[in-house]
Amino acid sequence: YQAKRDRSGVEVYEATRDGNTPDRLGLLGDLRRALDAGDVELHYQPKVRFDGTVAGLEALVRWEHPERGRVSPEEFIAIAETSGLMPQLTEYVLETALAQIARWRAMGLKVPVAVNVSPRDVHSPGFAGAVAARLARHGVPPAALQLEITEHVMLEDPQRAADTLAGLTGHGVKMSLDDFGTGYSSLVHLRRLPVSELKIDRSFVARLVVDNEDAEIVRCTVDLAHSLGLLVVAEGVEDDETWERLRDLGCDAIQGWLVAAAMPPAETTAWLRLRHESGWRRPGADAPAPS
Ligand code: C2E
Ligand code: MG
Ligand code: MG
Ligand code: MG
């Protein structure tokens, strides 16, 4: 884990060769400084079940650049990945999320929090042990943390990825397969990856109501996942109709702007306090959602 960071000079060179501009390198330097200064934040987006109960939260990184304003995670995560900064970013995100989980638990708010990790992390030796040590240091039970991975972890050295993931699940950390359907040969990965949850990518959810093919893809994915004993979460749910279709298709939980966008910690605490007892209710629904 440490060795990767020490080699960052070499990896910056590679990034340049990949077509990275001075602009990207400038952003990289700014990101490194922002991480050192603690200027990167985590926001949290709820995952809710169809009966309104809260299934968990997903931590999403947010960076407000002093001159450019908010830089999208897609952009700076790609930079971190090709430059060797990923281990530092992931350490930061895990530290911040675990400290927050511990605070919420102390308030009696016990919801699992999911953290996104990159293929880089899963391929770095010692990652599983490092996560376990961090959990112990924060006094957070492993089941309170979930890690979201994508099929990309299997692109390079699938054996090492499998070993790391087995190590993590061995410690009791739950794994979730993110962006499902956007990778390649998904079915093979589903069988090999020790995940307990599958997240259907927003690209299939967005047009679910108007596109029959997307609806069929979602139906098959839900059935397949259930037959493998996995929970299914749909990403990017923005409206009531989509919510209803997903419920009818047998999805287990949803995440999306219909429920809430990712919120800063204090707002998330307030949101959780409200929903902890009464659950989440659709704005349009005049009765609590049927369970
Ligand atoms: P993701 O893990 O698939 O996260 C879901 C993305 O969908 C988030 O974008 C979220 O804000 C957005 N989203 C949620 N609900 C809706 C909705 O109803 N409609 C629409 N249009 N979008 C919605 P975000 O926060 O920009 O993150 C983008 C990606 O960046 C994430 O995709 C994840 O792959 C990556 N990412 C974010 N935070 C981290 C992190 O801490 N570490 C790593 N390695 N990757 C991260
Ligand atoms: Mg995710
Ligand atoms: Mg996703
Ligand atoms: Mg995504």
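Select Arg62 in this predicted model; the residue sits in strand E2. Arg62 is buried but forms no salt bridge. Its nearest side chain of opposite charge is that of Glu41, 7.9 Å away. Now show what surrounds Arg62: leaving aside neighbours within four places in sequence, its contacts are Val40, Glu41, His43, Arg70, Pro73 and Ala262.

Pro73 leads on to the largest pocket, where Glu58, Leu60, Pro73, Glu74 and Asn116 are the residues nearest the centre. The pocket holds about 1,200 Å³ of space and is lined by 37 residues. Colour the lining by type to see 15 nonpolar, 10 polar and 12 charged residues. Strand E2 (54-65), helix H4 (73-83), helix H5 (86-106), strand E5 (145-149) and strand E6 (174-180) each supply at least two of the lining residues.

Next come the salt bridges, 14 in number. Start with Lys47 and Glu197, whose side chains meet at 3.0 Å, N to O.

Move to Arg134 and Glu95, which form a salt bridge at 2.5 Å, N to O. Arg134 is in helix H7 (residues 127-138) and Glu95 in helix H5, so the bridge ties together parts 39 residues apart in sequence. Arg134 is buried at 12%, whereas Glu95 is partly exposed at 25%.

In helix H11 (residues 212-227), pick Arg219 and Glu216, 3 residues or about one helical turn apart. Their side chains meet in a salt bridge of 3.1 Å, N to O. Arg219, at 36% relative accessibility, is partly exposed, and Glu216 is partly exposed at 37%.

Finally, select Lys47, Glu58, Glu148, Glu197 and Lys199, which salt bridges with shared partners join into one network.

Technical notes. Residues are numbered from 1 along each chain as its sequence is written. Chains are lettered from A and ligands numbered from 1 in the order in which they are written. This is a predicted model: local features need pLDDT of at least 70, side-chain atom pairs count only at pLDDT 80 or more; totals for chains, interfaces and linings use all residues. Side-chain values use heavy atoms; hydrogens and water are left out. On a 1 Å grid over the protein atoms alone, a cavity is a set of points where a 1.4 Å probe fits but cannot get out, and a pocket is an open set with protein on both sides within 12 Å along at least five of seven lines; lining residues have an atom within 4 Å of a point. Grid points are joined across faces, edges and corners, and a volume is the space filled by probe spheres set on the points. Helices (H or I, at least four residues) and strands (E, at least two) are DSSP runs, numbered from the N terminus. Ala, Val, Leu, Ile, Met, Phe, Trp, Tyr, Cys and Pro count as nonpolar, Asp, Glu, Lys and Arg as charged, and the others, Gly among them, as polar. Buried means under 20% relative accessible area, exposed over 50%, partly exposed in between (1.4 Å probe, protein chains only). Lys and Arg count as positive and Asp and Glu as negative; His and the chain ends are not counted. A salt bridge is a side-chain nitrogen of Lys or Arg within 4 Å of a carboxyl oxygen of Asp or Glu. Contact means heavy atoms within 4.5 Å.
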